[in-house]
Amino acid sequence: MSDTVIRVTGLQRSYVMGAETIHALRGVDVEIRRNEYVAIMGPSGSGKSTLMNLIGCLDTPTGGEYWLNGQEVSRMSDDALARVRNKEIGFVFQTFNLLPRATALQNVELPLVYAGVPAAERRRKAAAALERVGLGSRMDHKPNELSGGQRQRVAIARGLVNDPALLLADEPTGNLDSTTTEEILGVFDRLHEQGQTIVIVTHEPDVAKHSERTVVIRDGRIASDTLNRSAAA
Amino acid sequence: MKMFDAVREAAHTIRTQKLKTAFSAIGVLIGVTFLIAVVSIIEGMNSYMENKFANGLIGLNTFQLARQPSVATGNVTDEMWRDWQRRPRIRYSDADYIQARLTTPAVVSRYCQDRATIEAGGKVAKDITLIGTEPSYFTIKNYDLTAGRIFTPQELRASQPVMVVGSLVAEKLFPGQDPLGKEITVSGIPYRVIGVVAPQGTLFGFSMDKFVVTPYSAPARRFICPIGVLDYVSFQAANPQTMLVLRDEVEGLMRERRGLRPGTPNNFDFTDSKSALVGWNKISKVLITVLPLLVGIGLVVGGIVIMNIMLVSVTERVREIGVRKALGAKRSDVLMQFLVESAAISTFGAACGVGLGIALAMVVSAVSPLPAAVAPWSVVLGVGLGMTVGMVAGVYPATRAAKLDPIVALRSE
């Protein structure tokens with residue numbers, strides 16, 4: 001297995017809106033290695049979300065190539081992409097996106113359900129993932145019985161449960177207060193220390209500071225790609 | 001995703017949304033309730049007609065030889081009536097002729113009846129069925145006596161004025177007394193009560209206990225039938241097969257006696273429990289034909305309700321669908337989830353419908369003389385139809401859900 005988790009070359013994505021064609025990404029090249037912790041930043045309308053959707057295999061590019069963990073995913077069918085999302089990517093969303101009527105454990109089990117893992121193993125793995133984010137004692141609680149920070153930890157556990165090549169977080173602290181933000185960023189730091197590759201999309205420099213490397217997108221292109229001093233030191 | 005997991009998720013959704021599920025399922029519930037209840041009532045009616053009406057009225061493995069069908073069936077035209085009226089009557093001598101020549105073992109009973117007013121000790125009972133017959137009649141009707149005895153062949157030969165009475169007659173004329181040995185007057189002729197028949201209950205609400213039985217030779221016979229003439233002769237065989245043999249034999253003897261040439265139709269008729277049921281069978285056939293239409297309307301409406309609720313449900317859960325897709329749900333997974341949910345709601349409704357239908361049939365059997373007979377096939381059909389309706393109704397909403405773009409779905413509020 002190669003050391004490169006993500007290799008993107010000349011990635012383009014344009015949308016046709018009536019007579020107009022909007023170029024959201026105009027050719028992006030980026031490479032992310034195993035166990036890197038990368039922040040993607042950029043103002044709204046920069047193409048940051050488009051890039052995240054492409055990296056997350058929720059969308060397919062109109063040009064360029066995207067290799068994820070050694071497979072070319074830029075030409076895959078919907079179902080193949082679903083499989084890649086299930087196995088290789090763990091999503092963490094700004095609004096947590098937990099199923100409200102399911103318990104923490106059931107929420108974490110969900111990716112394993114789609115992976116076809118038998119129920120007993122599912123339970124064991126989901127419980128282990130919750131332990132990893134420090135929520136072992138709250139497995140049977142429903143989201144509305146948990147605090148914002150706890151909910152996001154459940155979401156992180158859900159992202160980790162299938163041992164993905166990449167943990168992809170979209171504004172994971174956008175709905176949290178500053179104390180809880182630190183708590184969640186602490187979880188990411190710990191996961192990074194354990195060897196997890198993490199890409200975090202944010203517009204907050206404080207959040208980006210936790211990462212080793214910051215990629216800034218502007219007008220559909222990479223404006224800067226820098227190693228963070230604190231991480232480099 | 002495995003089927004089992006989809007079913008478990010659907011069960012979970014239904015559990016957490018009880019009221020919504022109940023409303024969604026109501027159309028299917030009504031359709032299936034109707035199916036079960038009507039089929040139960042028809043089945044109950046069938047067994048009622050067979051046991052009580054046909055066998056009770058005519059007798060088990062029994063047929064009646066008469067001038068015309070004793071139970072009018074279907075459309076009887078004026079012409080048929082006129083033809084029947086022209087036929088010769090059945091006479092005692094016909095019965096004697098046949099009985100002397102029969103080779104198949106049979107219980108034979110001559111029968112004639114009329115409505116009469118009878119009196120005892122100043123009390124009057126109107127509209128009583130006065131029956132002139134012979135002792136074998138009690139065998140064919142399978143009557144039990146609560147008191148006394150039936151009349152004997154000797155009493156029949158001696159034209160004795162003796163009488164076996166129905167339980168209602170005994171109650172009405174001799175309340176609180178022992179009717180045995182008491183006197184009942186029919187058109188001024190006194191009879192002695194020698195037996196009381198056990199209560200026979202009702203048929204379609206009419207009492208079956210308002211009758212008196214006398215020897216056909218007894219003095220009142222001239223009030224019942226014209227001299228020498230019978231209403232019908234009953235022949236009882238040991239089982240349904242020998243009944244058919246017996247009937248062929250009686251038919252042959254009757255044709256021979258009346259000198260009917262081959263090819264000419266019979267100028268007499270047979271009535272057995274099957275032919276007595278022809279009318280009812282026609283009614284039940286109509287019901288069974290109309291039933292699918294009514295059930296179908298219920299199920300179509302039910303299906304449309306479920307489809308709409310599922311569409312609302314898909315719209316409400318767009319974000320959930322987006323999350324599921326992001327986490328690796330394939331189109332087929334989402335499709336299956338909503339199909340199974342729709343089918344589960346509908347099957348749940350159908351199951352409740354089965355329960356309600358059975359309850360309804362029970363209520364009908366409790367307040368009416370119809371026995372409830374729940375047909376197992378109708379239960380299987382009801383649940384099967386429910387599941388099918390749910391699947392079909394779920395196709396469109398589930399397809400909509402499966403086709404959602406995960407990015408758009410995740411962004412929705």
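**Conventions.** I number residues from 1 along each chain as its sequence is written, and chains are lettered from A and ligands numbered from 1 in the order in which they are written. Since the model is predicted, local features need pLDDT of at least 70 and side-chain atom pairs count only at pLDDT 80 or more, while totals for chains, interfaces and linings use all residues.

**Chain B as a whole.** I looked up the secondary structure of chain B and found 15 helices and 14 strands, where helices (H or I, at least four residues) and strands (E, at least two) are DSSP runs numbered from the N terminus. Along its principal axes, the C-alpha trace of chain B spans about 105 × 60 × 35 Å. Of the 413 residues in chain B, 41% are buried, a term that requires 20 or more other C-beta atoms within 10 Å of the residue's own, with C-beta atoms placed from the backbone.

**One residue of chain B.** I picked L246(B), which lies in helix α9 (residues 240-258) of chain B, and I noted that L246(B) counts as buried because it has 23 C-beta neighbours inside 10 Å. Leaving out residues up to four places away in sequence, L246(B) touches T104(B), A106(B), F235(B) and A237(B), a contact being two C-beta atoms, placed from the backbone, that lie within 7 Å. I also checked D269(B), which is 23 residues from L246(B) in sequence and 14 Å away in space, C-alpha to C-alpha.

**Where the chains meet.** I found that the contact takes 19 residues from chain A and 17 residues from chain B. On the side of chain A that touches chain B, α2 (78-88) and α3 (104-115) each supply at least two residues, and α2(A) gives the most, with six residues.

**Two backbone angles in chain A.** I noted that N69(A), although not a glycine, has a positive phi of about 50°, and that N69(A) lies in the loop between β4 (63-68) and β5 (71-72) of chain A. N69(A) counts as buried because it has 20 C-beta neighbours inside 10 Å. With 22 other C-beta atoms within 10 Å, F96(A) is buried.

Notes:
A residue is buried if 20 or more other C-beta atoms lie within 10 Å of its own, exposed if 12 or fewer, and partly exposed in between; C-beta atoms are placed from the backbone.
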